[in-house]
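Please read it alongside the sequence and the coordinates.

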Amino acid sequence: MSTRIAFLKGHGTENDFVIVPDPENALDLPPAAVAVLCDRRAGVGGDGLLHVVRSAAHPEARGMAAEAEWFMDYRNGDGSVAEMCGNGVRVFARYLQRAGHAAEGDLAIATRGGVKHVHLAKNGDVTVGMGRAGLPEGDVVVSVGERSWPARNVNMGNPHAVAFVADLAHAGDLYTPPPHEPASAYPDGVNVEFVVDRGPCHVAMRVHERGSGETRSCGTGACAVAVATARRDGTDPAVTGTPATYTVDVPGGTLVITEHPDGGIEMTGPAVIVAEGEFDSAWLEGVLA
């Protein structure tokens with residue numbers, strides 16, 4: 001017997017997501033089902049899927065339930081599980097507001113990268129406390145075709161390799177993961193950002209997101225880029241004692257990233273719900289059969 005399953009579609013700087021509300025974690029969403037839903041021709045279409053679950057109902061989030069009622073069970077577009085998604089957190093918060101689970105102001109959201117603190121502003125922007133960046137030691141090199149660049153290894157709860165290039169076109173089509181060396185630096189794959197300067201404290205980037213290919217935006221990637229740029233520029237807030245704020249242009253818009261002297265990073269940008277509807281469970285089961 002088929003059932004109707006509600007979904008929404010949203011984006012943050014055009015990094016787009018299928019949103020599946022499932023408060024009690026009752027739906028079975030195996031990787032193949034997620035991949036079909038995220039398929040832009042055969043399904044709804046999205047860079048990833050936001051599975052909206054109460055923390056107390058999900059085995060990976062129960063330990064965070066006292067601090068955050070809702071858990072963002074995030075999946076990449078290929079169905080694989082991911083630790084965090086910065087744009088996804090903003091869209092997740094916007095959905096909670098739309099559904100009446102949150103109001104303007106502050107709220108906490110549980111993720112596999114820990115509890116994230118979010119502020120829903122009156123002007124429509126959403127600010128997310130992204131935690132602190134990890135800066136693993138060791139040289140990393142990424143390449144596209146015959147070109148290669150040194151990259152800064154930055155961990156934002158998920159792994160990033162940030163490369164400064166002369167021209168964003170040098171990143172190629174980004175359909176496939178850019179090779180990196182050493183392979184041991186990222187045993188589970190990596191998000192790769194290619195960055196050019198636009199002005200003082202202003203950069204632009206393109207990104208290959210692990211499990212999704214090139215996306216129009218990547219929130220954790222923008223944070224990794226801001227951190228890598230601050231270190232390159234000699235404006236490490238832990239050293240200067242002054243917050244460092246960078247404007248990061250992505251193909252889908254603009255994000256503003258601030259790193260504070262205590263290491264905390266905040267990301268501010270838009271989040272929009274564009275549609276809602278239902279899909280038939282029988283359709284999904286038929287596709288997966």
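Glu 69 is partly exposed, with a relative accessible area of 44%. In this predicted model, the side chain of Glu 69 meets that of Arg 54 in a salt bridge, with 3.1 Å from N to O. The two residues are 15 apart and belong to distant parts of the chain: Arg 54 is in strand 3 (48-54), while Glu 69 sits in the loop between strand 3 and strand 4 (70-76). Arg 54 also counts as partly exposed, at 28% relative accessibility.

In total, the structure holds 18 salt bridges. Side chains of opposite charge can pair when their charged atoms come close.

| Pair | N to O distance | Relative accessible area |
|---|---|---|
| Lys 9 and Asp 16 | 3.3 Å | Lys 9 16%; Asp 16 9% |
| Glu 69 and Arg 54 | 3.1 Å | Glu 69 44%; Arg 54 28% |
| Arg 98 and Glu 276 | 2.7 Å | Arg 98 46%; Glu 276 54% |

Arg 98 and Glu 276 form a salt bridge with an N to O distance of 2.7 Å. Arg 98 belongs to helix 2 (residues 86-98) and Glu 276 to strand 18 (residues 272-280), so this pair ties together parts that are 178 residues apart in sequence. Arg 98 is partly exposed, whereas Glu 276 is exposed.

Salt bridges with shared partners join Lys 9, Asp 16, Arg 40 and Asp 47 into one network. Within it, the closest N and O atoms of Lys 9 and Asp 16 are 3.3 Å apart. Is this pair buried or exposed? Lys 9 is buried, because its relative accessible area of 16% falls under 20%. Asp 16 is buried as well, at 9%.

The next topic is cysteines. A disulfide is a covalent bond between the sulfur atoms of two cysteines. The structure holds zero disulfides. For Cys 218, the nearest cysteine sulfur is that of Cys 85, 6.6 Å away. A disulfide requires sulfur atoms within 2.5 Å, so Cys 218 is in no disulfide. Cys 223 is in no disulfide either, and its nearest cysteine sulfur, that of Cys 218, is 8.7 Å away. Cys 218 is buried at 2% relative accessibility, and Cys 223 is buried at 0%.

The last topic is aromatic rings. How many aromatic pairs does a search of the whole structure find? The search finds four. A pair of aromatic rings is described by the distance of the centres and the angle of the planes.

Phe 7 and Phe 279 make a tilted pair, at 6.2 Å centre to centre and with 40° between the planes. Phe 7 lies in strand 1 (residues 4-12) and Phe 279 in strand 18, so the contact ties together parts 272 residues apart in sequence. Both of these residues, Phe 7 and Phe 279, are buried. In the pair of Phe 17 and Tyr 74, the ring centres are 6.0 Å apart and the planes meet at 75°, so the arrangement is edge-to-face. Phe 17 comes from strand 2 (residues 15-21) and Tyr 74 from strand 4, so parts that are 57 residues apart in sequence are tied together. Phe 17 is buried at 0% relative accessibility, and Tyr 74 is buried at 2%.

Ring pairs also link Phe 7, Phe 279 and Trp 283 into a cluster. Elsewhere, a charged side chain faces a ring: Arg 232 lies over the face of Phe 164, 4.6 Å from the ring centre.

Notes: Residues numbered from 1 in each chain as written. Predicted model: local features only at pLDDT ≥ 70, side-chain atom pairs only at ≥ 80, totals over all residues. Heavy atoms only, no water. Salt bridge = Lys/Arg side-chain N within 4 Å of Asp/Glu carboxyl O. Buried < 20%, exposed > 50% of the residue type's maximum accessible area, 1.4 Å probe, protein only. Helix = DSSP H or I, 4+ residues; strand = E, 2+ residues; numbered from the N terminus. Phe/Tyr/Trp six-rings, centres within 6.5 Å; stacked < 30°, edge-to-face > 60°. Lys NZ or Arg CZ within 6 Å of the ring centre and 35° of its normal.
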